[in-house]
Amino acid sequence: MSKAHILLIEDDLNLGFVIKDNLEMEGFSVTLCDDGEKGWHVFTQLNFDICVLDVMLPRKDGFTLAQEIRQKNTQIPIIFLTAKSMKEDKITGFRIGADDYLTKPFSIEELTLRIEALLRRSKPSINQQNQYTLGKYVFDHPNLTLRYESQVQTLTQKEADVLLLLCKNAGKAIKREEILLQVWGSDDYFLGRSLDVFISRLRKHLNNDPAVEITNLHGVGFKLKTPSL
């Protein structure tokens, strides 16, 4: 969690820099923008784990920006920062997909705790039963199952082993050679073709949640992207 990347959009730059500096001291990576248009552009160019948005922003307000973010990523956590305390504004924020809402003035400690709580819920996680949560899926490696709501897909051992490696490296590039060596014990050309088949199968198994994606990194390998990665 300490390496999570936060998109912070706050038009009061003095406040923005205070928040940014404090969050970075807590170990987060923070990208700060001072208007909604810049924020949207940056969001489409970089990967973020969570968005912290002021409501009253120039060029594009926080509510509009949040709606656009939700169209692109349905799962990334969004926290609104606002001087407004009206019930109607909070309802509007939650209706368009906000996960939390802080009214100014607020303490940096409270903001940090809320960010950490949302990240714990959104990150791929493993429980004591060795189950990984990937967006709307639950992956049980020992039992070779991938569950989506009431649907349960039984995986082959190799499919499960490949997905396990991707889960353990979620959000990071993992080299083809590393997958081949760990799953097959060799990295020859023909096994590489087999890996592509297994990746294709896993993509089909995961296609009910568009926020979960296995991307191909040309000349490198693969990366598992989950809702906040």
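Me: Which side chain meets that of Arg114 in a salt bridge?

Reply: A salt bridge is a side-chain nitrogen of Lys or Arg within 4 Å of a carboxyl oxygen of Asp or Glu. Here the side chain of Arg114 pairs with that of Glu110 (2.6 Å, N to O). This is a predicted model, in which local features need pLDDT of at least 70 and side-chain atom pairs count only at pLDDT 80 or more, while totals for chains, interfaces and linings use all residues. Side-chain values use heavy atoms, without hydrogens and water, and residues are numbered from 1 along each chain as its sequence is written.

Me: How many residues apart are Arg114 and Glu110 in helix 5?

Reply: Helices are DSSP runs (H or I, at least four residues) and strands likewise (E, at least two), numbered from the N terminus. Arg114 and Glu110 are four residues apart in helix 5, so about one helical turn separates them.

Me: Which residue does Asp54 meet in a salt bridge?

Reply: Asp54 pairs with Lys104 (3.3 Å, N to O). The pair links distant parts of the chain, 50 residues apart: Asp54 is in strand 3, and Lys104 is in the loop between strand 5 (100-103) and helix 5 (108-122).

Me: Is Asp54 buried or exposed?

Reply: Buried means under 20% relative accessible area, exposed over 50%, and partly exposed in between (1.4 Å probe, protein chains only). Asp54 has 3% relative accessibility, so Asp54 counts as buried, whereas Lys104, at 24%, is partly exposed.

Me: Which UniProt annotation covers Asp54?

Reply: UniProt positions follow the numbering used here, feature names are shortened, and annotations may be inferred rather than shown by experiment. The unreviewed UniProt entry annotates Asp54 as "modified residue: 4-aspartylphosphate".
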